[in-house]
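Open the model in your viewer and keep the sequence panel beside it. We will go from stop to stop, selecting a few residues each time.

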Amino acid sequence: MILRRFYDDKLAQASYLIGCAATGEALVVDANRDVAQYLDAATSEGLRVTDVTETHIHADYVSGSRELARAAGARLWLSDEGGPDWRYGFAAAEGARLLHDGDTFKVGNIRIDVLHTPGHTPEHLSFLVTDTAGADRPMGILTGDFVFVGAVGRPDLLEKAAGLEGTMEAGARDLFRSLQRFRALPDWLQVWPGHGAGSACGKALGAVPQTTVGYERLFNLALTIDSEDEFVDYILADQPEPPRYFAEMKRINRDGPRVLGGFARPPRLEAAALEELLARGARIADLRPQAEFEHGHVPGTISIPQNKSFTTWAGWLLPYDADFYLILPAGCESCIDEAVRDLAMIGRDRIAGYFAGEVVRAVPELERTPRVSASELAAQLASGDVAIVDVRGAAEFAAGHLPGGRNIPLGYLEERLAAVPRDRPVVVHCQSGARSAIGASLLLARGYRDVRNLAGGLDAWAAAGEPVERDGAPTPA
């Protein structure tokens, strides 16, 4: 048996190729939209992709299963569990084989046993993998978003992201029952999860690529809780805010992702086009590093640095149903290809054009984003002439925040502008200063004039000995 793991750092997402060396057949599980990587890997291993499947209808990226199956001429296997609301709308048109709990199929000498493991989503499947050429018991289990290293999949996404009221507790109880089934599996069984640290599909995911059932039974807190009610309280508490685009990804992946046929580079635009685009309210994202944007940027543009968090904030702040434009880092023409790929992963396909980073120098009047130090902000707070906007998540805010700060998580800032006063200076902060830089750029682009970023964020504030509030009560930093 041949096993290849593919990991996308920006999505914190894993997909897998499992091949039979004897027959040359291969299965790809949880493919993302960059389907060429799987075809190339199969060829390099002397394999051909004959089968494609996925563990569930994903919410955090656009699935590549449909496109890969077409490109490879492969059989497509999809879940038929979860009830009518969670069946794949494109399964019949693509000739997909439907999977249920207890089903088995083979890829060469590799046997795949199907387990229905609902909780994260109603239709979720896990796959036991047995190399029948040398064993009569499974080597590992592909768990998708069911069990991670040190964590389990969150059951609240359907309610929080897709707006399906009343599904959180039911999902949590389903997840508890699915975990009892997982706990009964052999200790030696390797666990190959669909995400790693940084994913919003669970809380406190581990960064190592795989684990075992026995290890998780001992050290994964969710698997040590025997009371169903206690488990429900634990798993629903302190989950991070799901990105707003998750609901759209869920719909796209259920109804059928558009087949791209590759990543096309959009047109490069000249500086003269900037003024007209901004005048008509076009969304233009500046991908340069934070410090460069703060030092001088085109008024009306927003900062989304092209770093590890790029897809997260692009998913929050760029539209899926309207054209948008990009300004690249200076001297990095190839950055557009990386951006196109990353944005396609989350369904942001409408890049209508891009500008080279040097375009910023052609703009006569640039805007700056001033930084304020902890000591300077403390003086402003003493006078009462400042508004504090904390763009961290709600759980982070509850753990400790600046006195008088109002919590508006970055992803929701644009839709909650009415809560940000325009009659006084605004200081935006997060934990370290990165998210708040994006938030400050958004406020400036929406007409706020006196906006500053707290240098170093709450970390710098606490390090300076300034008070931090918890539940409304000031405590020493």
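**Stop 1: Where to be careful**

Select residues 473-477. Here pLDDT stays under 50, and the model has 11 contacts beyond four places in sequence for this stretch. Where pLDDT is low, the predicted coordinates should not be read in detail. Remember that the whole thing is a predicted model. Now colour the chain by pLDDT. The mean is 93, and 98% of the residues reach 70 or more.

**Stop 2: The largest core**

Next, select Ile304, Leu326, Leu343, Leu413, Val420, Val426 and Leu443. These are the residues with the most contacts inside the largest nonpolar core, which has 52 residues. Which elements each supply at least two residues of this core? Show these helices: α8 (246-255), α11 (310-317), α12 (335-345) and α15 (434-445).

**Stop 3: Val420 and Leu443**

What does Val420 touch, leaving out residues up to four places away in sequence? The list is Val389, Ile408, Leu413, Val426, Leu443 and Tyr448.

Now click Leu443, in helix α15. Leu443 counts as buried because its relative accessibility is 0%, and the cut-off is under 20%. With residues up to four places away again left out, Leu443 touches Leu413, Leu417, Val420, Val426, Val428, Tyr448 and Val451.

Arg422 lies over the face of Tyr448, at 3.9 Å from the ring centre.

Next, draw a distance from the C-alpha atom of Leu443 to that of Asp101. The separation is 50 Å, and the two residues are 342 residues apart along the chain.

**Stop 4: Rings in pairs**

How many aromatic pairs does the structure hold? There are 8.

Zoom in on Phe176 and Phe231. Their ring centres are 5.5 Å apart and their planes meet at 55°, so this pair is tilted. Phe176 belongs to helix α4 (residues 168-183) and Phe231 to helix α7 (residues 228-236), so the pair ties together parts that are 55 residues apart in sequence. Buried or exposed? Both Phe176 and Phe231 are buried.

Move on to Tyr245 and Phe246. This aromatic pair is edge-to-face, with 5.3 Å centre to centre and 80° between the planes. Tyr245 is buried, at a relative accessible area of 5%. Phe246 is buried as well, at 3%.

**Stop 5: A buried aspartate**

Select Asp51 in strand β4 (residues 48-53). Is Asp51 buried or exposed? Asp51 counts as buried, with 0% relative accessibility. Show the side chain of Arg75 too. A polar contact of 2.8 Å joins the side chains of Asp51 and Arg75.

Set aside the neighbours within four places in sequence. Asp51 is then in contact with Ala26, Leu27, Val28, Ala74, Arg75, Trp77 and Val107.

The charged end of Arg97 sits over the ring of Trp77, 5.6 Å from its centre.

**Stop 6: His116**

Find His116 in strand β8 (residues 110-116). With a relative accessible area of 18%, His116 is buried, because the cut-off is under 20%. Beyond its neighbours within four places in sequence, His116 is in contact with Glu81, Gly82, Asp101, Pro122, Glu123, His124, Leu125 and Arg181.

**Stop 7**

Most residues other than glycine have a negative phi.

Start with Ala12, in the loop between β1 (2-8) and β2 (13-19). Its phi is near 50°, a positive value. Ala12 is buried, with a relative accessible area of 2%.

Finish at Asp238, in the loop between α7 and α8. The phi of Asp238 is near 60°, also positive. Is Asp238 buried or exposed? Asp238 is exposed, with a relative accessible area of 60%.

Definitions and conventions: Residues numbered from 1 in each chain as written. Heavy atoms only, no water. Core = buried A, V, L, I, M, F, W, Y, C linked by side-chain atoms within 4.5 Å. Buried < 20%, exposed > 50% of the residue type's maximum accessible area, 1.4 Å probe, protein only. Helix = DSSP H or I, 4+ residues; strand = E, 2+ residues; numbered from the N terminus. Contact = heavy atoms within 4.5 Å. Phe/Tyr/Trp six-rings, centres within 6.5 Å; stacked < 30°, edge-to-face > 60°. Lys NZ or Arg CZ within 6 Å of the ring centre and 35° of its normal. pLDDT = per-residue confidence, 0-100. Polar contact = N/O pair within 3.5 Å; in protein donor to acceptor, adjacent residues only side chain to side chain.
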